[in-house]
Amino acid sequence: MTFFISFSTRNRPVVREIMAGLRSRNIAFWDYSDEEWSIDMTAMILSRLKEEIDRCDYFVAVVSKESLDPDIGHFTRLEVAYALQEKKLHLENRVLTIELEGIKSSDYAGPYLPLKDFMHYELIWNEDKGKSILSFIGLMKRICRSVGVDYLPRISPHHRMPFWERFREEIRRYDHRMVSHIELMGNLGEFNEFFKLKLFPEALKSISHFIFTCEYTLPEYRLLYPWIVKGVTEQFLGKHREAIESFRKALETETDNPDALAGLGQAFRITGDYPSSVSCYEKAWQAANGIRKVNMMLNIIFSKVSGNVLPAPEERSFIMGLDVEQTVAADIAELEQRGLLSDFSDDPQEAVRDREKVISERSAEERSLILAAKALTCYCEAVTLYRVLPADRYRELLLKAYHIFKTEFPENAISNTGMVYYYYLTARYLNLSGEAERILSDAIARSEEDNALNRRELIQFLAEHHLVTGAYSRSAGLYEKELSGHFSDLRVAVYYALALYKSGNPKYREVCRKVLETLPSGYPGYYWSGFAHYLLGEVTYAQHDYGRSNQFGEYYERLV
């Protein structure tokens, strides 16, 4: 099926989007604004335009202020005049009118006048991306319905979804069962466009609606990649608990799916369940190959050291011997090979800029993951084996980790709160107290603009640092000024009580009693409950709760 699209070149950006949407349904069209298809603006253009209109199945008139203007829209008016006045295509229902914003019925004049009483497809395309995408997807659905083509949304290659091919194939596989469910396909189309523009709340709403409607109307359809995609979107929104449930739903359909396992591993790591994270990544590693296998191993090591589990000697050897730049180059090459760097804007210059931006972001992420894994491996070996390591070796490992954080891993690029914390600990264990405090203070300042940094946690780390260094009043003041709204977090409340206790403020007893009003839950709950008992001098209760905490942390005597 072939379309002729008549439009003003001043509306090229929005028309490019329309073309991309049509192309995804295998609809062909001639675009004389494209350099490959362009012709000289001479007398021959009219005959060429007529030839292309004669060949088309449908004539598409994009109506705008510019195309209607007698001066600006000279060629569009010629095209419309030929299609309507000579070919009479509108009387054969072979004309589709796409009306851009700001057009009124009274604007239709001259060669456009016959279209006034025919159906128009309105398209909103402006700075409000949310409304624009909903309008665009609605337009695509209506056009497909009008010309008898099943609407199947674009599933664009995206480096944030390396499994996009499998997602697309799953949707295509079930397309024949969803022909009557065009609204479902519209939800996926909306998701694709929202995700590309990083409008993640809207993307989550669209994919969630697709999933839940699917489960109701097509109960026999065992969803897989839609659940994985939902989990990825939830992770971008910081909804990691919800993402865990989404990945688990995907694994109900395919128990060993490596993409679901990798997503679940990341969600477990972020939520602090490091053993489960390692387990998921190890299963995903079994099915991986190429640079993906390397990345899975990086994640295994990263999750281990985050949980203070020393990687095996062969794993430590692997990560410390990994060439950073070669690995980054291999990662980009694989993205290229899999088509994940190819679906950008139809505008060549914009496409180049988008591509360069993606490569830059991805390279920085991969480089950061490798360097962080190296630094944490050195740190973990030092603190895990410090009782048996020679003093020189202990300091050598910490210095190596500190060097990576400070020089190879630029501080302003550390957008992970956990990495800031380990950088801080490395400095502290090297007895660089002033430097350790500076690391936290600078990160807190950066968190004003960097949403990836958790400001509350960073302030909490700084308050605990003041406790360690004997600045008890500063610590208590920081808790009261910045963290008073978070005393429901038992760790925050107990360390606040400890700061009060060490500074001689009797208010610590009140804070401890408040902690003990909460029934302990899990190992951490019993640990902090025991700590509160210890500060109150109730040693027997403290020992009892400490035992029930499975020795969650150091015994209280050492900390007090």
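Q: Which residue of strand 3 is the bridge partner of Phe-4?
A: In this predicted model, the bridge partner of Phe-4 in strand 3 is Phe-59. Strand 1, residues 2-6, and strand 3 run parallel and are joined by four bridges.

Q: How do you know that strand 1 and strand 3 count as paired?
A: Two strands pair if at least two bridges are found between them, and four bridges join strand 1 to strand 3, so by that definition the two strands are paired.

Q: What makes strand 3 largely enclosed by the rest of the structure?
A: Six of the six residues of strand 3 are buried, and strand 3 is therefore largely enclosed by the rest of the structure. Both of its faces are covered, with Tyr-58, Val-60 and Val-62 buried on one side and Phe-59, Ala-61 and Val-63 buried on the other.

Q: Why is strand 4 called mostly covered?
A: A residue is buried when its relative accessible area is under 20%, and six of the six residues of strand 4, residues 95-100, are buried, so strand 4 is called mostly covered. Val-95, Thr-97 and Glu-99 point one way from strand 4, whereas Leu-96, Ile-98 and Leu-100 point the other way, and all are buried.

Q: Why does Gly-138 count as buried?
A: Gly-138, which is found in helix 5, residues 129-147, has a relative accessibility of 12%; the cut-off for buried is under 20%, and Gly-138 therefore counts as buried. The C-alpha atoms of Gly-138 and Glu-122 are separated by 9.2 Å, with the two residues 16 apart along the chain.

Q: Why does His-240 count as buried, and what is it in contact with?
A: His-240 lies in helix 10, residues 240-253, and its relative accessibility is 16%. Since buried means under 20%, His-240 counts as buried. Leaving aside neighbours within four places in sequence, His-240 is in contact with Gln-235, Ala-267, Ile-270 and Thr-271.

Q: What puts the buried residues of helix 17 on the same side?
A: The residues in question are Leu-397, Leu-398, Ala-401, Tyr-402, Ile-404 and Phe-405, which are buried. They cover an arc of only 155° around the axis, and therefore they lie on the same side of helix 17. The face turned away from this buried side carries the exposed residues Ala-391 and Asp-392.

Q: How do you know that the buried residues of helix 23 line one face of the helix?
A: In helix 23, residues 507-516, the buried residues are Tyr-508, Val-511, Cys-512 and Val-515. Seen down the axis of helix 23, these residues fall within an arc of 100°, so they line one face. Glu-510 and Lys-514 are exposed on the other side of helix 23, while the cover over its buried residues includes helix 22 (490-502) and helix 24 (522-535).

Q: How does the radius of gyration of the chain stand against that of a compact globule?
A: A compact globule of 560 residues would have a radius of gyration near 24 Å, but the chain has 30 Å. The C-alpha trace spans about 95 × 50 × 50 Å along its principal axes, and the secondary structure of the chain comes to 26 helices and five strands.

Key:
Residues numbered from 1 in each chain as written. Predicted model: local features only at pLDDT ≥ 70, side-chain atom pairs only at ≥ 80, totals over all residues. Heavy atoms only, no water. Buried < 20%, exposed > 50% of the residue type's maximum accessible area, 1.4 Å probe, protein only. Arc of directions from axis to C-beta. Contact = heavy atoms within 4.5 Å. Rg over C-alpha atoms; globule rule 2.2 N^0.38 Å.
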